[in-house]
Each structure stands twice: as structure tokens, then as C-alpha cells.
Amino acid sequence: RRPRPPPRVPPPQRLPLPLLQPPPRLLPRVQPPPRLLPLQPRLPATRPTSWRTTRGPKEAPFRRRLVPPPPRPLASTPPASAPLLSGICALQAAAQLTPGVVWCGVVWCGVVCVPRVGGQRSRLRPPPLALFLAAGRIYFEMLTDPDSGSWGGYVCSGTVATDPENNERSVIVTAAHCIFDDVSKAFARNVLFIPNQAETSGGGTDFDCSNDPLGCWAPAFGVVDVEWTTRTFPSNAKWDYGFYVVETSGAHLGTDAGSDSLEVAAGSMAVSFASPKFDDASAMGEGAADYARALGYSYSHDPSFMFCAQDLTLYSATNWWLSSCGLSGGASGGPWLQASSTPGEEKHIFSVNSWGFTSLPGMAGPRFDAGFAQGVWEIAKCADLAVGDADEGKQGLAVSPASACP
């Protein structure tokens with residue numbers, strides 16, 4: 001008898017990597033996939049004749065596109081009786097205060113953030129006053145269809161970062177997905193930064209820089225980590241940080257801000273690449289060493305400036321996590337703040353709004369202390385300003401943190 005051949009064994013198959021999962025305490029019955037905060041389309045009614053007074057117009061017709069599903073609602077809404085006060089825009093709050101979690105609502109012109117605690121009102125210190133001027137709305141266009149060359153308008157958030165060097169520029173810190181689209185593989189074009197947009201006299205995000213308190217600035221180009229550009233989400237989530245470079249002269253439009261320099265006119269916030277405090281069990285809530293705030297211009301409440309705050313924890317080795325944060329699309333790139341461990345120093349930016357789950361609260365932010373973000377920051381401060389003269393979709397740098405400026 002002929003021997004029976006051995007059974008065929010199928011070749012080993014590579015199992016797909018599991019999707020990022022939220023912490024166990026947040027697991028629902030059915031897990032939604034993680035996603036970046038949706039870039040919120042915006043179709044302003046008017047546009048300026050020129051984006052950059054020194055470089056001439058960058059004209060491109062707008063094309064209508066389908067609006068994605070509306071972002072999840074905030075966990076809290078402001079009380080109807082909340083007073084509107086004059087002066088610099090600060091915060092009012094309207095949510096229940098739970099241990100370790102503080103929700104704040106819409107930014108009105110006021111002076112204090114007031115959460116409700118068991119029917120009583122207690123005072124909660126708002127973020128630093130300087131932040132209201134330095135943080136702002138970013139409007140930009142992304143390539144939506146490489147085949148047809150269609151571009152769509154979107155909004156994000158960003159903050160002017162403190163740059164002590166006299167290098168003929170200001171630098172805005174934001175999320176990489178607000179600078180470079182990892183699907184179409186193109187940099188944003190027609191970018192506008194609107195500091196302190198919460199105090200606009202207009203109805204929301206638009207191209208009328210004369211109705212904003214400081215006007216607008218047109219960045220020359222963006223800088224992102226090359227790892228963000230060569231991968232797609234979620235495998236590139238740890239590199240979701242980037243910087244827009246704004247020239248000191250020729251970039252300002254609209255309302256007279258007293259200076260053409262963005263950093264001089266709007267002020268700035270320090271960026272820290274040291275490790276923040278997290279998972280500190282010795283205390284909870286405001287006053288705890290690991291207490292952190294995430295802020296941004298959620299498009300669902302355009303043009304209001306929003307924030308959430310609670311104790312900081314890790315989602316993974318590469319992402320910070322605020323488990324109850326309800327900021328939505330448009331807040332991408334907004335700053336995360338924590339008090340400095342050095343007495344007397346102000347709060348600093350240690351991350352930015354990056355991604356959340358489609359049907360769950362929570363916000364993740366990339367780790368600036370992982371050893372990569374600082375290298376990208378250093379290049380943004382010294383890169384040749386002529387990068388901004390490149391063709392549309394190429395006005396930016398994808399750099400390795402290990403590289404250096406010539």
C-alpha cells in the first residue's frame with residue numbers, strides 16, 4: 001500500500017493588529033473604533049483677496065462636500081441664567097463636579113469658571129489669562145480628492161508657542177493632522193490662524209479678519225514628523241504633533257494688532273518636553289499634581305473656546321489620556337496644560353488634542369516627552385522660510401527629529 005501523504009498545513013497568517021481600546025473602566029458592550037477628531041468643514045461666505053501680503057493671492061475655488069455626522073455633544077450645557085459679564089473672555093461652567101473630573105462649558109465674556117456641585121456653586125480657577133490671547137482657531141484647506149484636485153475647508157485649534165530666539169518668525173503648536181493629511185499625503189494650503197477668536201464680532205469662523213480682535217495671520221508652512229507622513233492613523237498616533245511657522249512681517253491681515261509679529265501681538269505659552277505629572281494617587285481634582293486641562297475651539301460651539309479638566313493618566317506608552325473629556329471636532333491641536341513643578345513658573349503646554357472615540361468621551365494627546373517632538377520643534381524654529389514658496393500641497397517639511405537645520 002502506498003503511504004498516505006501528510007495533511008496539508010495552511011501557511012501561518014499574520015493577524016491584524018487590534019484597534020486601540022479605551023481603559024477598562026470605559027469599555028462599553030460594543031467597542032467603537034478609535035478615530036481622529038473629525039476635521040470640521042467650514043465654508044466661509046467671503047475670502048480675502050490675498051492670503052499673504054508679501055506673496056500674493058493663493059486663489060482656489062471652494063467645492064462643496066458632504067458634511068460628516070455632527071460631533072458628539074458636550075457633556076454639559078450652560079445654564080440659561082448664566083450671567084454675561086464684560087471684559088476679557090473667561091469661563092463659565094455648568095456641569096456636575098465628580099471626584100477628579102471637572103467639566104467646563106462655553107466661553108463667554110466673564111471672569112470665573114463656576115461649576116455646580118450638588119446644587120451649590122463653587123469657584124474654579126480658569127486657565128491662565130494669557131492663553132485666551134495666544135490660543136486660536138486654525139482654518140485651512142486639505143486635499144480631499146487627489147484624482148480631481150478637490151480641496152475642502154476645515155478648522156482646528158492651535159497656540160502660539162514661546163520662542164525666545166530672534167529668528168524672524170512665530171511658531172504655532174497644533175496637531176499633525178491639522179497640517180498634513182496622512183491619506184492624501186499633502187500639506188494644508190490657505191492656512192489662517194485667528195488668535196482669541198472667542199471675542200470675534202462675527203458669527204463664527206470666516207475670512208473677515210477685520211472682525212477678529214487681533215486680526216489673522218497666514219502661516220508660511222507647517223512642520224511635522226516624517227513618521228506621521230509615512231503611516232496612517234492609528235499607527236501614527238504617537239506623532240500627531242506639528243508646528244506652523246509664521247513670518248514676522250507680511251503675514252498679518254485685518255484688525256490692527258499693534259505689531260505684525262504674531263508672538264508680540266498675541267503673546268505665547270511655553271512648551272515643555274519634560275514628563276508631566278500623571279497617575280498621582282495622593283490627591284484628586286484641582287490642586288493635584290497631575291491635574292491637567294485640554295482646551296480648544298470645538299466647532300459644535302463655534303466660535304466659543306472650551307476646556308475640560310481632570311487628573312492625567314496614560315492611555316498607552318505613547319498617548320496621554322483624559323477619560324471624561326468631551327471636546328469635539330475643531331478642538332484638534334488645542335493645548336494641554338499643567339502647572340510647572342518649578343515654583344513660580346506658569347503653566348506650560350505638554351501635549352495637544354489628538355483623537356477620541358466616536359461614541360465615548362475621552363481625549364488622547366501625543367507625548368511630547370517621548371523624545372521626538374522636541375527635535376521637530378527645533379527644526380520649526382530654524383527652517384528656511386523659503387519653504388513657504390513651494391507648490392500647493394508641498395508647503396511644509398516632514399522631518400526626522402534627529403536631523404538639523406543647515
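Strand β18 and strand β22 (residues 335-338) pair in the antiparallel sense over 2 bridges, where two strands are said to pair if DSSP finds at least two bridges between them. This is a predicted model, in which local features need pLDDT of at least 70 and side-chain atom pairs count only at pLDDT 80 or more, while totals for chains, interfaces and linings use all residues. Residues are numbered from 1 along each chain as its sequence is written, and side-chain values use heavy atoms, with hydrogens and water left out.

**The protein as a whole**

- The protein has 4 helices and 26 strands, which are DSSP runs numbered from the N terminus (helices are H or I with at least four residues, strands are E with at least two).
- Of its 406 residues, 56% count as buried, a term that means under 20% relative accessible area, with exposed meaning over 50% and partly exposed lying in between (1.4 Å probe, protein chains only).
- Among contacts between residues at least 6 apart in sequence, 69% join residues at least 24 apart, and contact here means heavy atoms within 4.5 Å.
- The accessible surface comes to about 18000 Å², of which 55% belongs to carbon and sulfur atoms; such areas come from the Shrake-Rupley method with a 1.4 Å probe, and for residues only the protein chains shown count as cover.

- In β22, the bridge partner of Arg-293 is Leu-337.
- Tyr-291 and Thr-313 are 22 residues apart along the chain, and their C-alpha atoms are separated by 9.5 Å.

**Nonpolar cores**

- The largest nonpolar core has 64 residues, among which Phe-140 and Phe-368 touch the most other members; a core of this kind is a set of buried Ala, Val, Leu, Ile, Met, Phe, Trp, Tyr and Cys residues joined through side-chain atoms within 4.5 Å.
- Helix α4 (residues 373-382) gives this core its largest share, 5 residues.
- A second, separate core of 13 residues includes Cys-308, Cys-325, Ala-331 and Phe-350.
- Leaving aside residues up to four places away in sequence, the residues that Phe-368 touches include Val-173, Tyr-241, Trp-320 and Phe-350.

**Aromatic pairs**

- The count comes to 19 aromatic pairs, where rings of Phe, Tyr and Trp (its six-membered ring) pair if their centres lie within 6.5 Å, and planes under 30 degrees apart count as stacked, over 60 as edge-to-face and the rest as tilted.
- The ring centres of Trp-321 and Trp-355 are 5.7 Å apart and their planes stand at 40°, so this pair is tilted.
- Because Trp-321 lies in strand β21 (residues 319-322) and Trp-355 in strand β24 (residues 355-357), the pair ties together parts that are 34 residues apart in sequence, and both residues are buried.
- Trp-336 and Phe-350, both buried, form an edge-to-face pair with 6.1 Å centre to centre and 80° between the planes.
- One aromatic cluster is formed by Phe-233, Tyr-315, Trp-321, Trp-355 and Phe-357.
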